[in-house]
Amino acid sequence: MKNVILILFFLLFSFIPSFAVPTNSEAIKAYNDGIEYYGQDEIEKSIESFKRAVTIQSDFYEAYYNLGQVYLSVNNVDEAIKNYELAVKYEPEDYESCYVLGELFYKKGYLSKSIGYFSKIPPTSDLYSNAQLFREKVIKRQKEVLLNQAQMKAEADKLIIKDMANVTDITGIASPSGVAGDSLGNIYVASYGENKVYKIAPNGQRSVFVTEQVLSGPISVAVDKNDNVYVANYVQGNILKVSPDGAPFVYTKVLKPYCVNVIKDYLYVTEQETNKVMRFKL
């Protein structure tokens, strides 16, 4: 720990260092208590004392440094960083804090911040050589991270291009409003404008699966594990259940059904008229 300020007598009657020193006797006493408690392994009391010191005198940078040291001794890295940063704020030439911050930010993965603090340490400091070695280590790691990110992005771009190459647009359906697929790879598309549900086979062949005779405003579709298709028949006010061979019947009446979804053995329906979500056992 920094313990340049040991007792008030020493501070007042010896050589005053070039950096700013506390002038409040209560702050100095609290600081000295913090050092003493730390030496006795009284961590909580040490923290309280250093906090009292900076409460009394907010620019007491050595108290912030020692708070950082105490927090670091109990692995509270976030609080340690906060206090080391305050130490540097009030004493920019506190290169010990800069060095520690460089190490801590490196461990947390904040590489740019780590480099920034190591760069604050000048050639005149005893810590300069070690800081430069560590800085080069961080720069190397930063380059590796950027390279990995570039490689991951390139792989992701390849997958997107591959997926897009396999996409076939389905056109010519008026106001398509809902889509779902079955276990055989068939796609069902609700056409709100035509009052139809289309079936698109895996080979792209399109057919009318449910006609306008039983539909009025089909707005969403869902498929269960047995490949039955459920249609939210919005204007008609019901849910149609359509067997895999295309035979429809009214499954239940709903006031303005908007969305349908099958999750495991349940059909979920949103009823827009009453702002409800309903669940039906299949």
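In the predicted model, three strands form an open sheet in the order S9-S10-S11, with antiparallel pairing; strands are DSSP runs of E of at least two residues, helices are runs of H or I of at least four, and both are numbered from the N terminus. Two strands count as paired if DSSP finds at least two bridges between them. The edges of the sheet are strand S9 (257-263) and strand S11 (276-281), each of which pairs on one side only. From one strand to the next, the twist averages 20°. Strand S10 (residues 266-271) pairs with S11 in the antiparallel sense over six bridges, and Leu 267 has Phe 280 in S11 as its bridge partner.

Residue numbers start from 1 along each chain as its sequence is written. Because the model is predicted, local features need pLDDT of at least 70 and side-chain atom pairs count only at pLDDT 80 or more, while totals for chains, interfaces and linings use all residues; side-chain values use heavy atoms, with hydrogens and water left out.

A further antiparallel pair is formed by strand S1 (residues 176-181) and strand S2 (residues 187-191), over five bridges. Ala 180 stands opposite Tyr 188 in S2. The hairpin of S1 and S2 has five residues between the strands, and Gly 185 in this hairpin takes a positive phi near 95°.

Among the helices, helix H3 (residues 43-56) packs against helix H4 (residues 61-73) at an angle of about 155°, their axes being 9 Å apart. H3 is therefore roughly antiparallel to H4 (angles over 145 degrees count as such). Axes are lines fitted to C-alpha atoms, for helices over the stretch in contact, and angles run from 0 to 180 degrees between N-to-C directions. The crossing of H3 past H4 is left-handed, that is, the near helix is turned anticlockwise from the far one by less than a right angle. On the H3 side, the residues that meet H4 include Ile 43, Ile 47, Phe 50 and Val 54; on the H4 side, Tyr 64, Leu 67, Val 70 and Tyr 71 are among those that meet H3.

Overall, the protein chain has eight helices and eleven strands, and 39% of its 282 residues are buried.

Conventions: Angles under 35 degrees count as roughly parallel, over 145 as roughly antiparallel, 65 to 115 as roughly perpendicular and the rest as oblique. Contact means heavy atoms within 4.5 Å. Buried means under 20% relative accessible area, exposed over 50%, partly exposed in between (1.4 Å probe, protein chains only).
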